[in-house]
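Here is a short report on helix packing and chain contacts. Please read it beside the model.

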Amino acid sequence: MIHQRESFLNNVARQLGRSRNTSMKPERNWQFRPQDKTLTDKTPDELMNVLRDQCQLIHTELIETTSSKLSEILEATVHLYGGGPVSLWKDPRFAEFGLDGLLKETWPSRNVEVNEWDAARGRENIAQAERANIGITFSDITLAESGTVVLFSGAGKGRTVSLLPRNYIALVPKSTIVPRMTQAAQEISRRVQAGETISSCINFITGPSNSADIEMNLVVGVHGPVKAVYIVIGDR
Amino acid sequence: MAMKIGEGKFKENVNNNMEDTFMRGAVAGAQERLRTRRLDAAEELGNWEEWRSHGEEIRKHVLNNLDYYLHELAENLQKRGGHVFFAETAEEATGYIREVVNANGGKKILKAKSMVTEEIGLNGVLENEGCEVIETDLGEYILQLDEHDPPSHIVTPALHKNKEQIRNVFAQKLDYKLTSKPEELALHARETLRQEFLTADIGITGCNFAIAESGSIGLVTNEGNAGLVSDLPKTQIAVMGMERIVPTFEEFEVLVGLLTRSAVGQKLTSYITALSGPREEGDADGPEEFHLVIVDNGRSKILGTEFQSVLQCIRCAACINVCPVYRHIGGHSYNSIYPGPIGAVLTPLLGGYDDFKDLPYASTLCAACTDACPVKIPLHELLHKHRQVIVEKEGRAPISEKLAMKAFGFGAASDPMYAAGSKMAAAMMKPFTKNDRISSGPGPLKAWTEIREFPAPNKERFRDWFKQHEKGGGEQ
């Protein structure tokens with residue numbers, strides 16, 4: 001439902017001194033486009049350097065590995081940050097990256113609780129994420145400049161897996177790394193213009209939650225995770 | 001709380017706040033840090049002037065085509081199953097929100113920091129309905145616990161409080177027993193608020209920028225509270241000032257980057273979220289019902305006027321962080337939730353000159369605000385315009401200025417009077433003069449010299465010097 005739009009927009013147009021326009025798309029002839037020349041000349045390896053440096057500034061641990069060692073590294077990282085319970089997306093990429101064994105055999109055999117997001121279980125997912133020590137998701141797009149992982153919500157991809165657990169691990173295939181938010185915005189806009197339905201929630205997450213509201217002191221971990229780790233998978 | 005946060009006269013507020021030494025130290029320190037961070041972030045990005053120009057052209061374009069983009073936003077949000085309410089006044093906005101809350105049996109309401117909900121006095125309306133309203137931004141939460149102490153800065157609202165004061169508030173209201181370490185205080189707030197998040201009925205957020213092409217609203221935080229406010233309760237209500245909109249994700253990205261760099265010197269803040277309507281089929285979190293309230297509340301009256309550019313504002317507070325007047329008098333002196341240069345321009349436009357005619361004079365017109373603004377609002381020129389309007393159209397300049405001008409007019413109107421007056425000036429001011437400076441002047445000079453010095457009148461008048469000069473007298 002849309003309420004009171006007509007009178008509201010008529011008034012806006014009247015104040016602007018013209019008749020209302022809701023049908024002719026305004027031309028956007030920008031005189032300036034600095035985003036086209038910001039980090040756009042970097043090679044994938046150079047972008048990796050940018051990301052590495054940025055992670056230092058955002059209190060985020062960056063681990064670099066390859067797909068063959070990923071399972072081992074993820075297991076060790078989870079152990080280092082205190083083990084389970086672990087909450088994660090129901091995402092085919094876990095199998096594609098050879099993590100099924102870890103999720104379905106190794107962790108259960110070591111009494112590490114693993115909860116995969118399952119839409120059919122409704123709010124129980126939220127309760128599990130809230131109890132979780134660690135939340136794990138893949139990054140859909142990764143922004144080198146700001147050290148940001150972009151997450152598109154969806155049926156198996158709960159929004160709160162990256163927000164409620166005490167620690168958060170993002171799995172970052174190197175192929176998802178782009179220079180900056182410009183490229184992610186262009187991709188999302190392209191999908192919108194092509195008539196695709198974009199996710200109801202797109203999250204741009206840059207390190208752990210923090211606040212400087214008390215005497216300008218930086219406190220890491222306020223409402224969201226206290227620690228954030230990115231594991232970059234170099235060969236994918 | 002509405003936009004107006006105090007009844008005190010501006011000058012009395014200033015006098016009181018000038019004595020708050022903690023506040024003044026905190027404000028000065030915060031200004032230094034935020035200003036430095038902004039400059040560093042701008043330098044690292046490079047081409048800052050080009051980015052500002054791009055930000056400016058986007059904001060101007062949107063304001064000039066506001067009807068088109070608001071229409072498009074509403075269409076696209078409706079397609080996603082969201083509800084949109086266009087509110088011309090604060091009362092219409094709060095009335096609609098009250099209806100939504102009651103229709104959903106809402107009792108516990110969680111909020112993420114939003115200036116426009118403060119402006120329309122939303123919390124008070126909902127509390128009168130018997131609802132519990134909880135602010136989740138750490139700074140706002142502290143202020144709310146402390147008997148609704150008003151915010152003094154639009155980005156770091158509890159800037160005027162020290163950690164001991166915060167510890168005492170927590171001890172009284174939350175039975176807190178630990179120290180005043182920020183980490184311990186924040187952890188306690190996290191644990192207390194976590195339970196509230198999980199049991200809230202309604203989530204209310206603001207909107208940093210809406211995105212017309214997809215019917216989305218964009219939220220920018222560091223704490224992650226806006227995410228939780230929108231992900232966990234069954235119903236979400238987002239409230240936006242009608243000018244806070246961009247055409248597509250591409251312009252969203254540009255303005256978010258300008259906002260986070262200008263506000264806190266970060267390339268991006270920890271959480272930037274674009275929400276498009278309620279949860280989709282198959283989602284297990286996110287709201288089942290989504291409402292967007294688009295608020296005019298006096299903004300449309302600014303469109304098409306010489307003040308239109310103030311609506312370009314993206315609420316980054318860069319102007320506040322460089323203002324020498326704000327530095328000394330603090331946010332509460334302005335009597336408005338919008339302090340500093342942007343507040344001194346915007347508040348009289350939204351709230352009228354009756355209550356806020358002093359604010360355009362709370363400026364030295366030094367233009368630091370204009371230079372800092374990431375979307376190039378000519379703030380000091382707008383302050384000057386306000387003064388012109390106040391004097392020319394409204395005929396209500398401050399009384400001391402009126403008297404001074406009247407006296408000057410009388411003295412300058414006739415040649416003998418001017419000659420006598422300017423000859424007497426140096427002698428008359430002699431008792432107040434030390435080393436060519438006046439540091440506690442009489443009459444109309446008093447207000448000036450209370451906070452700074454005034455140069456003493458030159459012993460030799462320009463007219464005499466000029467005569468001498470014409471005669472070929474020595475260089476002075």
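A crossing is left-handed if the near helix is turned anticlockwise from the far one by less than a right angle, and right-handed if clockwise. The crossing of H3(B) and H12(B) is left-handed. Helices (H or I, at least four residues) and strands (E, at least two) are DSSP runs, numbered from the N terminus.

This is a predicted model, where local features need pLDDT of at least 70, side-chain atom pairs count only at pLDDT 80 or more, and totals for chains, interfaces and linings use all residues. Residues are numbered from 1 along each chain as its sequence is written, and chains are lettered from A and ligands numbered from 1 in the order in which they are written.

**Helix pair in chain B**

H3 (residues 48-64) and H12 (residues 249-264) of chain B pack at about 125°, with axes 10 Å apart. Two residues are in contact if their C-beta atoms, placed from the backbone, lie within 7 Å.

| Helix | Contact residues |
|---|---|
| H3(B) | Trp51(B), His54(B), Gly55(B), Ile58(B) |
| H12(B) | Glu251(B), Val254(B), Leu255(B), Leu258(B) |

These residues divide into 5 nonpolar, 2 polar and 1 charged. Nonpolar means Ala, Val, Leu, Ile, Met, Phe, Trp, Tyr, Cys and Pro; charged means Asp, Glu, Lys and Arg; the others, Gly among them, are polar.

**Chain A against chain B**

In the interface, 69 residues of chain A are in contact with 81 of chain B. The chain A side has 31 nonpolar, 29 polar and 9 charged residues. E1(A) and E1(B) (residues 83-87) run parallel, joined by 2 bridges. Ile2(A) stands opposite Val84(B).

Key: Axes are lines fitted to C-alpha atoms, for helices over the stretch in contact, and angles run from 0 to 180 degrees between N-to-C directions. Two strands pair if DSSP finds at least two bridges between them.
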